[in-house]
Amino acid sequence: MRKFLVMLDDSRECLNAMRFAAMRASNSGGAVTVLAVIPPNEIQHGFGVAEVMRAEAYERIEAHFEVFAKWMRMRPKVEPELIVREGDPAEQLLAYLNEDPEVGIVAIGLNPDKSAQNPLLARLLREAATLPCPITIVPADISKERLEAIT
């Protein structure tokens, strides 16, 4: 079974990457793995604060994931898998790709704001020649209808 890997974050472009991954998985008999990464700056260390902040971050990620997962289960009829890690998002994505040989495609959303930086995408493009699978870049402005037509 081929897995579509997509990053979960609070960005607008994440939505279309999720849609793309779910529709492609549904149409090709694949699966969706959603990777969420808690950056180190979101966890302050000392006096038990780190565990509270970590628990809050996990709760926020799981709630956000459930919004996408509910749609995936109902519409394209895909049961997504959630993986949560801590660290640098690009490093964690690259590490996961090397750990899971079933990942066939990474779907990354592209911000329509030309001045916006996407460090994750920049890192993936620098590493593109050594990645174990292709990257699909999904524009944030593409319509649901267009996504359905191309998946």
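User: In this predicted model, in which sense does H1 pass H2, right-handed or left-handed?

Analyst: Two packed helices are described by the angle between their axes and the distance between the axes. In this predicted model, the axes of H1 and H2 come within 11 Å and cross at roughly 30°; since angles under 35 degrees count as roughly parallel, that makes H1 roughly parallel to H2. The crossing in which H1 passes H2 is right-handed.

User: Which residues of H1 and of H2 make the contact?

Analyst: On the H1 side the contact is made by Cys14, Leu15, Met18, Arg19, Ala22 and Met23, and on the H2 side by Phe68, Trp71 and Met72. With 0% relative accessibility, Ala22 counts as buried, and, when neighbours within four places in sequence are left aside, Ala22 is in contact with Val32, Trp71, Met72, Pro76 and Val78.

User: How many residues apart along the chain are Ala22 and Thr151, and what separates their C-alpha atoms?

Analyst: Ala22 and Thr151 lie 129 residues apart along the chain, while their C-alpha atoms are separated by 9.3 Å. A second pair can be read in the same terms: Glu56 and Met18 are 38 residues apart along the chain, and 23 Å separates their C-alpha atoms. Glu56 is found in helix H2 and, at 48% relative accessibility, counts as partly exposed.

User: Which residues have the most contacts inside the largest nonpolar core, and which element gives the most to it?

Analyst: The largest nonpolar core has 29 residues, and those with the most contacts inside it are Val6, Leu8, Met18, Val32, Val34 and Met72. Two or more residues of this core come from each of strand S1 (3-8), helix H1 (13-28), strand S2 (31-38), helix H2 (49-74) and strand S4 (103-110), and H1 gives the most, with eight residues. Val34 shows how such a residue is connected, for beyond its neighbours within four places in sequence it is in contact with Val6, Leu8, Met18, Phe65, Met72, Pro80, Glu81, Leu82 and Ile83. A second, separate core of 18 residues includes Met7, Val106, Leu121 and Leu124.

User: At what angle do H3 and H4 pack, and how far apart are their axes?

Analyst: Helix H3 (residues 89-99) and H4 pack at an angle of about 45°, with their axes 9 Å apart, and the two helices are therefore oblique to each other. H3 passes H4 in a right-handed crossing. Pro89, Ala90, Glu91, Leu93 and Leu94 in H3 meet Leu120, Arg123 and Leu124 in H4.

User: Is Arg123 buried or exposed?

Analyst: Arg123, in helix H4 (residues 119-126), has 18% relative accessibility and so counts as buried, given that the cut-off for buried is under 20%. Not counting residues up to four places away in sequence, Arg123 touches Ala90, Glu91 and Leu94.

User: What is the phi of Lys77, and where is this residue placed?

Analyst: Most residues other than glycine have a negative phi. Lys77 has a positive phi of about 60° although it is not a glycine. Lys77 is placed in the loop between H2 and S3, and, with a relative accessible area of 65%, Lys77 is exposed.

Methods:
Residues numbered from 1 in each chain as written. Predicted model: local features only at pLDDT ≥ 70, side-chain atom pairs only at ≥ 80, totals over all residues. Heavy atoms only, no water. Core = buried A, V, L, I, M, F, W, Y, C linked by side-chain atoms within 4.5 Å. Buried < 20%, exposed > 50% of the residue type's maximum accessible area, 1.4 Å probe, protein only. Helix = DSSP H or I, 4+ residues; strand = E, 2+ residues; numbered from the N terminus. Contact = heavy atoms within 4.5 Å. Axes fitted to C-alpha atoms, helices over the stretch in contact; angles between N-to-C directions. Parallel < 35°, antiparallel > 145°, perpendicular 65-115°, else oblique. Left-handed = near helix turned anticlockwise from the far one by under 90°.
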